[in-house]
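Me: Please take a close look at one part of this model: the aromatic cluster. Then connect it to the contacts around the rest of the chain.

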Amino acid sequence: MKRYALVTGASRGIGRAIAIELAKDGCSILLNYKSNHAAAEEAKRLIEEAGGEAELMPFDVSQPDAINAALDKWFAAHPDDYIDVLVNNAGIVDDEIMLIMEPEQWHRVIDVNLNGFFYCTRRVIEGMVENHHGRVVNIASISGQAGNVGQVNYAAAKSAIIGATKTLAKELATKHITVNAVSPGAIETDMVRASEEYMPERMRNINNIPMRRLGKPEEVAYLVSFLCSNWADYISGQVIGINGAAL
C-alpha cells in the first residue's frame, strides 16, 4: 500500500524541506499551503525532480470547513487509502510585546498555530486509528520552551502544542500511532527573518549559539524523517530540540 504523508505549510522553509525528505523516504506527499501557489508548485517540482510524487492540497489550516472539504475530496478519490503521516508544520508569527498586542494578533497566531493543529489532526487520525498505524509530528519551537520577548502569542501556541503532543501520544499509544514534537531553534527561514526585531540577542548573534550558526531546514527534515520511520516505533510523546545547544 502506498504511504501518504500530509505536510501542512509545505510550500516553503521547514515544511518544504520535510516534504522533500519524506518523498525521498517513499511517501506520496499531500502538499498543503494556504495561498502561495507559485511556491507550492516549486515545492512539487523539487519533489518530483528528487524522484518522489506530490499533489497540491490548498487550504487554510485555521478553517475547519476548508480542511474537511479538501480531505473529503481526497478520501473520495482514494477510498482504499489513508494518510499514515501527518506533519503539523503550518505556522505564522505576528510579533509584538503583550502590552500593545492587539487581540487580532493574538487570535490570528493561535488560530493558525494551535487550532490548525487540532482541526487537521482530529480529522487525519481517524484513518490512522482504523488502520492501527500512523505517525504524527508536530513542529513546536524553542519559543514554546523558553519564551521569547514579543512572542507571547506564538510561545503560548507552541507551548500548548507540546502539551497536546504528550497527551495525544498517550491516547493513541495502543493504536500503534506515535505522536512527537520537534522543537527548532533559529533556523534559516522566512519566519525567523520576520521575527528579527524581537529575536533575543543570543539568537541574533550566532556567536551566542553554542554551535555558532543557524540551523538549516534540511536538518529539521532529517529528524522528522527519522520519527516517521520504522526505527522510531518506540518513540512517542517526546519533544526533541534542534537548536545547536541553545537550550
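Reply: Tyr4, Trp74 and Phe75 are joined into a cluster by ring pairs. The model is predicted. Searching the whole structure gives three aromatic pairs. One of them is tryptophan 74 with phenylalanine 75. Tryptophan 74 has a relative accessible area of 4%, so it is buried. Phenylalanine 75 has 23% relative accessibility and therefore counts as partly exposed.

Helix α3 spans residues 64-77 and holds aspartate 72. Aspartate 72 forms a salt bridge with arginine 123, with the closest N and O atoms 2.7 Å apart. Arginine 123 belongs to helix α4 (residues 103-131), so this bridge ties together parts that are 51 residues apart in sequence. Arginine 123 is buried at 15% relative accessible area, while aspartate 72 is partly exposed at 42%.

Now the salt bridges elsewhere. The count comes to eleven salt bridges. Lysine 2 and glutamate 53 form one of them, at 2.8 Å from N to O. This pair also links distant parts of the chain: lysine 2 sits in the segment before β1, and glutamate 53 in strand β3 (residues 53-58). Both ends are partly exposed, lysine 2 at 41% and glutamate 53 at 37%.

Helix α2 has a local example. Glutamate 48 and lysine 44 meet in a salt bridge of 2.6 Å, N to O. They lie four residues apart in α2, about one turn of the helix. Residues three or four places apart point the same way because an α-helix has 3.6 residues a turn. Glutamate 48 is partly exposed, with 40% relative accessibility. Salt bridges also link Glu42, Arg45 and Glu49 in a network.

The largest nonpolar core has 30 residues. Ile18, Leu22, Ile29, Val87 and Val224 touch the most other members. Elements that each supply at least two residues include β1 (4-7), α1 (13-24) and α9 (217-227). The largest share, seven residues, comes from α1.

Last, the surface. Ile97, Leu99, Ile100 and Val149 make up a nonpolar patch there, with about 420 Å² of accessible area together. Valine 149 is in the loop between α5 (143-146) and α6. Valine 149 is exposed, at 59% relative accessible area. Helix α6 itself covers residues 152-172 and reaches 30 Å from its first C-alpha to its last. Its buried residues include Tyr154, Ile161 and Leu168.

Terms used
Residues are numbered from 1 along each chain as its sequence is written. This is a predicted model: local features need pLDDT of at least 70, side-chain atom pairs count only at pLDDT 80 or more; totals for chains, interfaces and linings use all residues. Side-chain values use heavy atoms; hydrogens and water are left out. Rings of Phe, Tyr and Trp (its six-membered ring) pair if their centres lie within 6.5 Å; planes under 30 degrees apart count as stacked, over 60 as edge-to-face and the rest as tilted. Buried means under 20% relative accessible area, exposed over 50%, partly exposed in between (1.4 Å probe, protein chains only). The expected span of a helix is 1.5 Å times one less than its number of residues. Patches are made of residues with over 30% relative accessible area and no salt bridge: like charges are joined within 9 Å, nonpolar side chains (Val, Leu, Ile, Met, Phe, Trp, Tyr) within 5 Å. Accessible areas come from the Shrake-Rupley method with a 1.4 Å probe; for residues, only the protein chains shown count as cover. A salt bridge is a side-chain nitrogen of Lys or Arg within 4 Å of a carboxyl oxygen of Asp or Glu. A nonpolar core is a set of buried Ala, Val, Leu, Ile, Met, Phe, Trp, Tyr and Cys residues joined through side-chain atoms within 4.5 Å.
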